[in-house]
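Work through each exercise with the structure open beside you.

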Amino acid sequence: MTLSRLAELSADPSASFVLIARDGADSVELLTGEVVDVDLLADIPLTIDGSPREVFALVPYRQVRERGFVAQDDGAPLRCIVVDEHLPLPTPALIDALPSAPVPLQDAGFDIADEEYAEIVERVIADEIGRGEGANFVIRRDFTAQIDVDDRTAALTWFRALLTHERGAYWTFAVFTPGHIAVGASPEAHVVARGGVVTMNPISGTFRHPAGGSTRETLVDFLSSTKETEELFMVVDEELKMMSAVCSDGGRITGPHLKEMSRLTHTEYMLRGRSKLDPRDILRETMFAPTVTGSPMQNACAVIRRHERQPRGYYSGVAALFTPNADGGHDLDAPILIRTVYVQDGALRVPVGATLVRHSDPQGEVSETHGKAAGVLGAIGAIDRDRAAEARSDADAPAAEVALADDPTIAALLSSRNSRLADFWLNPQGDDATGPFQGRTAVVVDAEDRFTTMLAHQLRHLGLDVTIAPWSEVTDAELDTADLVVAGPGPGDPRDTENPRIARMRAVVARRVDARRPLLAVCLSHQILSDRFGIALMPLDAPHQGLQKSVPVFGEDASIGFYNTFTARVDPGTTAVEGAEVSADAASGDVYALRGERFASVQGHLESILSRDGIRTLERLVSHALS
């Protein structure tokens, strides 16, 4: 009966339905219902006429504007299917019933040539990362082709191929609505909320299986890559910013794990915390994954806007399923829309992106996009192995029969990564703050880097009553009444006084120092404070984005994570300037921390997972500022 229902829906071009195969399930879910397009996430109709409803939603990238971030507006709808039917389909029978004839591709290729994409990569590294605009950015291009098969038939054919050949995907899915058809196998659950527990699953690093499958030796080489390791740490930091915004306990890290798929292997962590927020609010605060945008998130959106030629549509958005639960609310299950094929009016489009960091090689990132596109096209059976080789990737090679995650050498190599990370984020933290600064208030001024959410969480852990205020909204009255003001980090050149954000952060720092009121300045604000004491500011020879260093901080060596492109620098050996004590690198003179009458500052990010001594150093600096 259910298969005949699917046949009926497939034959009706006006029908809307979704097929979902979740990892580990032995059946495929069929969801049908009425399509409702809404403007905002808050408008998703979870309740109709007083009754809770199950809703499937396609959330486009442009929705990030709800967070105040910029995006090209292509009009892609926030499309909801209010579910009337939710039926199980037996997977073997469904595979037999779906079309299997190959769908030939015509006029296939990337919309941006390799040479042009390499030039974009070079510009982003030089002009964005090199100017301190952020740690990493994802820039995409699209593989496109024409097909001469009905759109729905093609999508069902590709869905069958994914069910048959792909493994390890979090969701394998196909979405059919008028004007919008998508089929894919997403490896990544962006955000899940069930029973008050929120889970995020940052995945980064892409190992393309060589011909014949992956081996311990080839995987060890991948896991030993500095670029791949730091890339994963950076996206974990970025998603912890989101977790700290939605979870009362900030979020705990577990992992790392291997995400082994049929043609690709990734590394991943799991983040978990508790939240009482509406699932739509959780989804809004976690738009979107840094693995497909970059960090810091707000500036990543601006960089994408500057360097991508076309709007993103649904690429890097999410597919979100809201399901009523026994508590009268809704659970949320929302994978990222990547590894996805979009088909419309006889045209196929596969968006793929590369994560650009300070170590990136332009030609390597070109190859990365080829590999990702070939992985998708090989998985759906749109190209064979020979064509995949033409795409300059072995990504469609068969997977190893043995799960390499079980290999003791691989397991030990993965586990060793956590020795670099802060225990604070690896261990349960709890909701109750019993730290030494109870009864004190703090305002954290956000300079457009949501590291402030993690910083605020740590300050609460130390007992402070914390409010986060955006730089453009914080009032002088708020600054004057707080026991402690934390001038936060942010992107950009601290010397650029014409920038309104930099100018305001300079005013925040000056106001507290002049009033001799407790101040902690972090990263960008540390540089601004240094400038106030006549210390020179300059760009580093190489950006310290996602770099872990052991540095002196007033008599103690501390392991701290750095995300800076600019530095304050004194003559080597300098330990003080007029009005401030200086803790600096003995060789370069780079200033790591300042302290003086009721103020302290630090260049590194004590809240980062890379700051093993972060919470200890934060307590020391706050104690000095408040003394």
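**Exercise 1.** What volume does the second largest cavity have, and which residues lie nearest its centre?

*Solution.* Step 1: the second largest cavity of this predicted model has a volume of about 210 Å³. On a 1 Å grid over the protein atoms alone, a cavity is a set of points where a 1.4 Å probe fits but cannot get out, and lining residues have an atom within 4 Å of a point. The volume is the space filled by probe spheres set on the points, which are joined across faces, edges and corners.

Step 1: 25 residues line this cavity, and nearest its centre lie Gly 132, Gly 490, Pro 491, Gln 545 and Tyr 563. Numbering starts from 1 along each chain as its sequence is written, and for a prediction like this, linings use all residues.

Step 2: helix H6 (226-246), helix H16 (524-532) and strand S26 (556-569) each give two or more residues to the lining. Helices (H or I, at least four residues) and strands (E, at least two) are DSSP runs, numbered from the N terminus.

**Exercise 2.** Which elements give two or more residues to the lining of the largest cavity?

*Solution.* Step 1: find the largest cavity, with a volume of about 260 Å³. Among its 22 lining residues, Thr 291, Val 292, Ile 338, Arg 339 and Lys 372 are the closest to the centre.

Step 1: the elements are strand S13 (203-208), strand S20 (347-356) and helix H9 (362-379). S20 gives the most, with five residues.

Definitions and conventions. This is a predicted model: local features need pLDDT of at least 70, side-chain atom pairs count only at pLDDT 80 or more; totals for chains, interfaces and linings use all residues. Side-chain values use heavy atoms; hydrogens and water are left out. On a 1 Å grid over the protein atoms alone, a cavity is a set of points where a 1.4 Å probe fits but cannot get out, and a pocket is an open set with protein on both sides within 12 Å along at least five of seven lines; lining residues have an atom within 4 Å of a point.
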